[in-house]
Amino acid sequence: MNEDLKLDSYNFDLPRELIAQEPSIERGESRLLVYLKKEDKILFLKFKDIVEFLDDNWCVVLNNSKVEKRKIICKKISGGIVSLIITSYKDNEIKVLFYPHKKISLGQKIIFPENLILETVSQDTFSGEFILSGKFEKTLIEKIITKHGLAPLPPYIKRKTEDTRNEKDLSWYQTVYAKDGNSIAAPTAGFHFNKKILDQLVQKGIKIVYIKLNIGI
């Protein structure tokens with residue numbers, strides 16, 4: 001088999017201490033790697049430098065879906081803390097991913113904020129989602145998300161419940177051009193754009209198009 005087709009060919013060591021736990025203060029100051037194919041040359045720049053590599057032949061397409069606060073801190077009946085991400089919900093039923101993956105058994109009861117107690121009734125073995133059932137209206141889940149929800153950060157970004165950065169995470173984990181929507185994860189490639197960079201692109205005659213693609217599991 002061609003080595004390029006083997007997933008193992010793409011494994012690499014990423015030291016934990018090199019995984020940033022919060023973004024740079026200025027979005028445009030994040031790092032940018034540019035490969036110049038003709039010169040076979042690699043440049044290590046700042047993201048704001050992307051303006052120099054685009055011209056009026058370019059069209060930039062940006063996803064303006066907004067991330068919802070779908071991460072919820074819950075409890076087990078035994079008193080243990082369990083975090084989960086609500087992937088979808090309707091009257092009397094929600095789907096969740098336990099975060100990070102926890103050993104959860106069917107029939108186990110989970111205590112949500114607002115004194116809502118739900119029971120795990122099944123699991124999708126393909127997606128890993130659990131279905132939780134109880135007697136409630138979807139408006140209660142919307143209230144829990146609005147009032148108690150946290151940013152659904154990826155599992156390699158660590159936060160304790162009392163971490164003061166929790167309050168900033170949703171603004172960090174959101175593009176500056178997000179409008180509405182119900183994504184459970186961010187279109188992360190767009191994090192690095194700020195208003196100044198977008199204005200500079202427009203001034204160069206570059207077309208910017210916005211789409212809404214809600215990001216699910």
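In this predicted model, F47 counts as buried because its relative accessibility, 7%, is under the 20% cut-off. F193 is likewise assigned to the buried class, at 8% relative accessibility. The structure holds 4 aromatic pairs, and one of them joins F47 and F193, whose ring centres are 5.0 Å apart and whose planes meet at 85 degrees, so that the pair is edge-to-face. Distant parts of the chain are linked by this pair, since F47 lies in the loop between strand 2 (41-46) and strand 3 (59-63), whereas F193 lies in the loop between strand 11 (180-183) and helix 3 (195-203), 146 residues apart.

The rings of Y177 and Y210 form a tilted pair, with centres 5.7 Å apart and planes at 55 degrees. Y177 is buried, with a relative accessible area of 8%, while Y210, at 41% relative accessibility, counts as partly exposed.

The largest nonpolar core comprises 19 residues, and L84 and F112 have the most contacts inside it. At least two residues of this core come from each of several elements, including strand 6 (81-90), strand 8 (109-112) and helix 1 (138-148). A second, separate core of 15 residues includes F193 together with L54, I197 and I208.

E129 is buried yet has no salt bridge, the nearest side chain of opposite charge, that of K95, being 4.9 Å away. The side chain of E129 is instead joined to that of S127 by a polar contact of 2.8 Å. Beyond its neighbours within four places in sequence, E129 contacts residues including T87, V96, S122 and I217.

Conventions. Residues are numbered from 1 along each chain as its sequence is written. This is a predicted model: local features need pLDDT of at least 70, side-chain atom pairs count only at pLDDT 80 or more; totals for chains, interfaces and linings use all residues. Side-chain values use heavy atoms; hydrogens and water are left out. Buried means under 20% relative accessible area, exposed over 50%, partly exposed in between (1.4 Å probe, protein chains only). Lys and Arg count as positive and Asp and Glu as negative; His and the chain ends are not counted. A salt bridge is a side-chain nitrogen of Lys or Arg within 4 Å of a carboxyl oxygen of Asp or Glu. A polar contact is a pair of N or O atoms within 3.5 Å; within protein, one must be able to donate a hydrogen and the other to accept it, and residues adjacent in sequence count only if both atoms are side-chain atoms. Contact means heavy atoms within 4.5 Å. A nonpolar core is a set of buried Ala, Val, Leu, Ile, Met, Phe, Trp, Tyr and Cys residues joined through side-chain atoms within 4.5 Å. Helices (H or I, at least four residues) and strands (E, at least two) are DSSP runs, numbered from the N terminus. Rings of Phe, Tyr and Trp (its six-membered ring) pair if their centres lie within 6.5 Å; planes under 30 degrees apart count as stacked, over 60 as edge-to-face and the rest as tilted.
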